[in-house]
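Here are my notes on the model you sent. They are set out as numbered points, to be read beside the structure.

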Amino acid sequence: MKRFASFPIRQTGAKSAQHVQTSRGVSDFLRGNDKMAALLPTVARLAALQQDCASVLPALFDACSVLSFESGQLVLAAPNAAFAAKLKQQLPKLQEALLKGGWQVSAIRIKVQVRKIAEKTRPQKQLVLPSAAKSALASLKESLEETPQNQELKAALEAMLKRHVSGYR
């Protein structure tokens, strides 16, 4: 388990670029103020410890986090009692892995800190229809007879065409 002098960054892709930019912004802000600059080594150390904990117990550390690490005492935050119970069962494994990684952890405490869990939003998939499909849908709509059975289908085709064809009536 490797620790970095600055914020640890081990993600890939677009999320990684955003994480790098955010990390640089935070570290630049901290370096810009004398009082805040004193926090940078502690923040970097806690971030590295958080990452090492997450590498040992990835499923739990999506929701749990490192609160503090002083005098060999590691304090972890769990979002609820259920997570705290699961984490408590894994403490020997976590402590052993951290000791092997060079962290001098003599004790681990867990604090339940109820917080509003931010719901991960998934980007809405946007269907992009090829022009051939758009023209085929328009032709289908126009070729359907004006019957009560076809009204809902024609309305659905109309709505789809309005969504996907700019300038459609």
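1. Which residues touch the most other members of the largest nonpolar core? The model is a predicted one, and in it Phe-61, Leu-74, Leu-76 and Leu-94 hold that place among the 22 residues of the core. At least two residues of this core come from each of helix 3 (40-56), strand 1 (65-70), strand 2 (73-78), helix 4 (81-89) and helix 5 (91-100).

2. Phe-61 deserves a look of its own. Leaving out residues up to four places away in sequence, Phe-61 touches Gln-50, Cys-53, Ala-54, Leu-76, Leu-87 and Leu-94.

3. Which residues of helix 5 are buried? They are Leu-91, Leu-94, Ala-97 and Leu-98. Viewed down the axis of helix 5, these buried residues fall within an arc of 135°, so they line one face of the helix. The face turned away from the buried side of helix 5 carries Pro-92 and Lys-100, which are exposed.

4. The cover over the buried residues of helix 5 includes helix 3, strand 2, helix 4 and strand 3 (107-112). Just after helix 5, Gly-102 has a positive phi of about 100°.

5. The count of aromatic pairs comes to one. The ring centres of Phe-69 and Trp-103 are 5.9 Å apart and the ring planes stand at 80°, so the pair is edge-to-face. Phe-69 is in strand 1 and Trp-103 in the loop between helix 5 and strand 3; the two are 34 residues apart, and the pair links distant parts of the chain. Phe-69 and Trp-103 are both buried.

6. Of the 169 residues, 30% are buried. Among contacts with a separation of 6 or more, 51% are between residues 24 or more positions apart. The accessible surface comes to about 11900 Å², and 55% of it belongs to carbon and sulfur atoms.

Methods
Residues numbered from 1 in each chain as written. Predicted model: local features only at pLDDT ≥ 70, side-chain atom pairs only at ≥ 80, totals over all residues. Heavy atoms only, no water. Core = buried A, V, L, I, M, F, W, Y, C linked by side-chain atoms within 4.5 Å. Buried < 20%, exposed > 50% of the residue type's maximum accessible area, 1.4 Å probe, protein only. Helix = DSSP H or I, 4+ residues; strand = E, 2+ residues; numbered from the N terminus. Contact = heavy atoms within 4.5 Å. Arc of directions from axis to C-beta. Phe/Tyr/Trp six-rings, centres within 6.5 Å; stacked < 30°, edge-to-face > 60°. Areas by Shrake-Rupley, 256 points an atom, 1.4 Å probe, with all protein chains shown as cover.
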